[in-house]
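Please look through the structure below before reading on.

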Amino acid sequence: MVMAGDGRHPRDSAEWFDDDAGPLIRHFAVTRGRTHASRSDFAMVAVVQTVSPEPHVDPLHWGPEHREILRLCRRATVVADLGSDLDLPLSVLHVLLGDLLDNGLITLHEPFTPGERPSPKILRDVLHGLEAL
Amino acid sequence: MASKHSDPEALGHGLTALKILVSGGFGVGKTTLVGSVSEVRPLRTEEDLTRAGSGTDDLSGVENKRTTTVALDYGRITLRDDLAVYLFGTPGQDRFWFMWDELSNGALGAVVIADTRRLEVSFPAIDFFEKRGVPFIVAVNRFDNAEYHAPEDVGAALDLDPQVPVIVFDARQRTSGKQVLITLVRYLLASQPRVRDDADAGAGG
């Protein structure tokens, strides 16, 4: 499980009881009421990275989830892994990523779009990787 | 929408993540396959119930609940620091059909798992991938109490294009599951349009 930079699990904040209760701060509060990403969709396997050098973000304007994403994405990270590590629903994560992207704090590389195929070299790398498992 | 693809060999900040779908009807072994070959990680999303086809849901007692949580556990196979394969199972329930579009977007290919005792549960997945042009193979999960059927017979029963590989496997066995993924990738290599001189691009499996 991912630990926040200060050694705190995201769920250790007092808002959490357990999985059934869910967070007392509902997800729409995290996203300030928005339910749709400002961009249409972030593919599950799109790669996110915090821009470098990492800009200072004002904690008054950016929530802990935004800052945690920026911290995790200092290293290129796949959207699905972010959702899993942060235990945030994808629908919520998409909104947060949209905020960060719109403010130029992250870059996003989407995987192959329909009709676009990986090169034979990548496929061969995958094949050899699988065979070596 | 994508950022620069100027260096196709180093997509995504040097990290290449490829998505493979694992599909088939309810109970054919999707979760078992993902679990046997990859590190399974929890993921969820919240979907609007109206979008999820609330007409088929029993909503009594939850009239105020407008979203539903959908579990989307996935599997990750890290091949190298800069290369990983992600396995996503397609939701089994009909009311989550709309999610198939999202999942299949940008997918490398798909594995349709079939159970010879009830082939019909895998028809919708095959239809979907054929219509969407997502390359797929069929993996027949060999259940202990199921009669053996030759792959070519299964392919004929499923009315598959003869080029689509059909492999018999055991979803519980890691080596067997691995062979399924290898078969898919070999098929993708063999069916690539305008393949250059690829020494190892032959169809296998």
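**Helix packing and the nonpolar core**

Because the model is predicted, local features need pLDDT of at least 70 and side-chain atom pairs count only at pLDDT 80 or more, while totals for chains, interfaces and linings use all residues. Residues are numbered from 1 along each chain as its sequence is written, chains are lettered from A in the order in which they are written, and side-chain values use heavy atoms, with hydrogens and water left out.

**Helix α2 of chain A and its partners**

- Helix α2 (residues 64-72) and helix α3 (residues 79-86) of chain A pack at an angle of about 125 degrees with their axes 11 Å apart, where axes are lines fitted to C-alpha atoms over the stretch in contact and angles run from 0 to 180 degrees between N-to-C directions.
- α2(A) and α3(A) are therefore oblique to each other, since angles under 35 degrees count as roughly parallel, over 145 as roughly antiparallel, 65 to 115 as roughly perpendicular and the rest as oblique.
- On α2(A) the contact (heavy atoms within 4.5 Å) is made by A:E68, A:I69 and A:L72, and on α3(A) by A:L82, A:D85 and A:L86.
- The axes of α2(A) and helix α4 (residues 90-102) of chain A come within 10 Å and cross at roughly 75 degrees, and these two helices are therefore roughly perpendicular to each other.
- This second contact joins A:E65, A:H66, A:I69 and A:L70 of α2(A) to A:L93, A:L96, A:L97, A:D99 and A:L100 of α4(A).

**Chain A as a whole**

- Chain A has five helices and three strands, which are DSSP runs (H or I of at least four residues for helices, E of at least two for strands) numbered from the N terminus.
- From the N terminus on, the elements of chain A follow the order α-β-α-β-α-α-β-α.
- Of the 133 residues in chain A, 54% are buried, meaning under 20% relative accessible area with a 1.4 Å probe and protein chains only.

**The largest nonpolar core**

- The largest nonpolar core has 96 residues, among which B:F88, B:V111, B:F129 and B:V138 touch the most other members; such a core is a set of buried Ala, Val, Leu, Ile, Met, Phe, Trp, Tyr and Cys residues joined through side-chain atoms within 4.5 Å.
- Helix α5 (residues 174-190) of chain B gives the most to this core, with eight residues.
- Not counting residues up to four places away in sequence, B:V111 touches residues including B:I20, B:L33, B:I137 and B:L184.

Terms used. Buried < 20%, exposed > 50% of the residue type's maximum accessible area, 1.4 Å probe, protein only.
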